[in-house]
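Dear colleague,

Here is the structure you asked to have handed over. My notes on what was found follow below it.

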Amino acid sequence: MSLRTSISPPAVAQPPIQDAPSRHHMWQKISPYIYVGPAVIYLIIFMIIPVVQGIQLSFTKTPLVRPDGGTGVGLENYAKLLGSPQFYNSLGATVLYTAATVLFAVVIGTGSALLLNRAFKGRTVMRAIITFPWAVPTVATALIFGWIFNRSDGVLNEVVGVMGIGQQGWLVDPKFGMAAVVLTSVWKVMPLVMLVVLASLQSIPTELYEATRMDGAGALETFRAVTWPHIAPTVRVVTLLMTIWSIRRFEIIYLLTGGGPVDSTNTLVVNVYRQAFSNQELGRAAAIGALGLVLSLLVTVVYFIMERRTAAKEA
Amino acid sequence: MAKLSLRNISKRFGDTKVIHDFSAEVDNGEFLVLLGASGSGKSTLLRIIAGLTDATAGDVIFDNLRVNRQSPRERDVAFVFQSYALYPHLTVRENIAFPLALDKFKGWHHIPGISTIARRVFGSSKDIAKQVSGVSAMLELDQYADRKPGGLSGGQRQRVALARALIRNPSMFLLDEPLSNLDAKLRAELRGEIVRLHRLTGKTFVYVTHDQVEAMTMATQIVILHNGVVQQHATPQEIYTRPANTYVARFIGSPPMNLMAAAVVDGQPVVGGLTLAAPDGPGVGQPRLGDGGVTVGVRPEHLSVTVDGGRQGLPGTVRRIEDLGADTLIGVQPDPALDLKTWELNRDELIWIRQAGQSRLMAGDACTVVPEPGKASYFDSTTGENLAPAGRNSDAGAVPLGA
């Protein structure tokens, strides 16, 4: 130590160290707010304010013709809803519709993705054909399926007629209404599931498949050891999205059945529309909407809890 | 235990031929390195041996059985991938046990529910657990057994991949650039590890790499491939001392062999006015020098450099000094008046000299390059073939090894 001190130059009083002025530093501090600003403003104007207003509305009795002139009724709308069998019927229809649509869309979509991930002739054409429904406008989809399901001259009745089954009222018979709506919805949304899962499948390194070949794994073992663990997170996310979108879906259901037959497809969203514009009860409609929001939030919360558990298990 | 024979293997991808009529015999217990630049076909060849890729033509023979039609698993070989190819959602222990657990899996175990129970049972099976812990201990993986591959470093992952290969006790190990994704220190460490495993198992190893250091330090036999064609198949020593052609001469060695155009006058090679002595190295035959020109090759360590203008040698100017600590590399630009034509053969126009210790030379110094007598190689100036007869053990592929 003493040696080092002796050869180091004598200490000179150094000026204190200061930060050099930096525009870059300022910019780094404020730029994040500038980037997220537009999105936040958009969310506030088009999401937060309407939601808050909708919840306010749900505590009033407001006729459609005088949207500004509501009278406060407290929790009356909610009390009426929770006491009415029609609301529970609507809730049940929503759950049934969502569960069926999500199940079929995810299973069929994932299955098609697995098939289309293999190399075969005409694969690109097949992918294009299967993706096509996603590109068709929703209203057009509903109208086309409306014709297909038409009682007197729909294609479906032609086909079942050939098979010896009598004509059915696909959209007017309470036995079939929900099935018809689910079928149409699955046809429309399944391609998205397929595309997303396919993208995830294509990101699996080929070496992993080769490793299972070296280890002598069969198709099912390979699926379980390599494919499924890779695509599972994607399938979970797409299931969440499908669920939220199904809870909110309106056009297909309303245009096909209008909530009928006998309220069998009267999901919460269709119910909101009917309360607001047929019964002209904005307050009641808003209350249904608020409960629907709670349902969507519940699904999301359950999803995030599940994700956290999986992440904890992975670590 | 298997002796590997590759007979007339060819492989095309569409119109691109990546392997041309490759033949080689590898004795049981050899450590064969397939060495080549990227695109040389070495990995394709390894995948053909493994059964991951089918050859367009030719036979893969283990002992006396043609295995062309067998699946990778049936061939009983293990494959180690450059990217490790570990199953990311399984722990280290499960990854290593995977091939063993598969052996016990039957078709009906796939029924949901039963599969979970079956996996539990195999996972906790005593003999599997014993084998896994044995192999983990061998590769010092014990303390990571319950981690997922994502929580391991590159070197640890490659150890897991080696363990997964080892546990099956295969007849042959195939390794596809297993160390390429690791840093230099880990590479050196795992090189030693792999050589140790080779000694321990006594099995045949076929190892693909583009790294000449790996090839020289690990191999018992090296095959050098260039554009799908075998350039030389020999021991590391022979490849270094008697490269079969100018490609091999330039590919092996760092810096590579210096190549210079030479005239032949009265049967003696003459480079830039300097008459070289005939080669006399042990095991190297007399080259057949024709009357035309030849290409002379001299390794950097067989040259010395001096500032003494009176010495017989090639005059030049020092251009580069690279001090490596133990050695110094000196790049000398030969006097342009000599018209040496090194530029046709070497990438830079410099002659490189390796000198032990430090050098007092500086860039710009005039100097003379003096070759060590009898240490030069001679190549046909048109075909690039080495003019000295090959050693007993080597040829471009066809001659059996270890005779």
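**An open sheet in chain B**

In chain B, 5 strands form an open sheet with antiparallel pairing, in the order β15-β19-β16-β17-β18. Please keep in mind throughout that this is a predicted model. The edges of the sheet are β15 (303-306) and β18 (351-356) of chain B, each of which pairs on one side only. From one strand to the next the twist averages 45°.

Strand β16 (residues 314-323) of chain B and strand β17 (residues 327-334) of chain B are antiparallel and are joined over 7 bridges.

**A buried strand in chain B**

Is strand β7 (residues 172-176) of chain B largely enclosed or largely open? Of its 5 residues, 5 are buried, so β7(B) is largely enclosed by the rest of the structure. In a regular strand, side chains alternate between the two faces of the sheet. Both faces of β7(B) are covered. M172(B), L174(B) and D176(B) lie on one side, F173(B) and L175(B) lie on the other, and all of them are buried. Note that an aspartate, D176(B), is among these buried residues.

β7(B) has two pairing partners to look at. Strand β6 (residues 77-80) of chain B pairs with β7(B) in the parallel sense over 4 bridges, and V77(B) stands opposite M172(B). Strand β8 (residues 204-209) of chain B also runs parallel to β7(B), and 5 bridges join the two. There M172(B) stands opposite T204(B) in β8(B).

**Backbone details in chain B**

- S254(B) and P255(B) are joined by a cis peptide bond, with omega at about -5°. P255(B) lies in the loop between α9 (246-251) and β11 (258-265) of chain B.
- N8(B) is not a glycine, yet its phi is positive, near 50°. The residue is found in strand β1 (residues 4-13) of chain B. N8(B) is exposed, with 12 other C-beta atoms within 10 Å.
- E140(B), also not a glycine, has a positive phi of about 55°. E140(B) lies in the loop between α4 (126-138) and α5 (154-166) of chain B. It has 12 C-beta neighbours inside 10 Å, and because 12 or fewer is the cut-off, E140(B) counts as exposed.

**Chain B as a whole**

Chain B contains 9 helices and 20 strands. Of its 403 residues, 41% are buried. Among contacts in chain B between residues at least 6 apart in sequence, 71% join residues at least 24 apart.

**Chain A as a whole**

Chain A has 13 helices and 2 strands. Why is chain A described as more spread out than a compact globule? Its radius of gyration is 29 Å, well over the 20 Å that the globule rule gives for 315 residues, so chain A is more spread out than a compact globule. Taken along the principal axes, the C-alpha atoms of chain A fill a box of roughly 110 × 70 × 35 Å. Buried residues account for 28% of the 315 residues in chain A. Of the contacts in chain A with a separation of 6 or more, 69% are between residues 24 or more positions apart.

**A helix crossing in chain A**

Helix α4 (residues 85-116) of chain A and helix α10 (residues 219-248) of chain A have axes that come within 9 Å and cross at roughly 145°. The crossing is right-handed. Residues of α4(A) in the contact include T94(A), Y97(A), T101(A) and V102(A), while those of α10(A) include V235(A), V238(A), M242(A) and I247(A). By class, the contact has 8 nonpolar, 7 polar and no charged residues.

**Where the two chains meet**

The contact between the chains takes 16 residues from chain A and 18 residues from chain B. On the side of chain A that touches chain B, α9 (206-215) and α10 of chain A each supply at least two residues. The largest share, 7 residues, comes from α9(A). By class, this side of chain A has 9 nonpolar, 1 polar and 6 charged residues.

Regards

Definitions and conventions:
Residues numbered from 1 in each chain as written. Chains lettered and ligands numbered in written order. Predicted model: local features only at pLDDT ≥ 70, side-chain atom pairs only at ≥ 80, totals over all residues. Buried ≥ 20, exposed ≤ 12 C-beta atoms within 10 Å, placed from the backbone. Axes fitted to C-alpha atoms, helices over the stretch in contact; angles between N-to-C directions. Left-handed = near helix turned anticlockwise from the far one by under 90°. Contact = placed C-beta atoms within 7 Å. Nonpolar A, V, L, I, M, F, W, Y, C, P; charged D, E, K, R; others polar. Pairing = 2+ DSSP bridges. Rg over C-alpha atoms; globule rule 2.2 N^0.38 Å.
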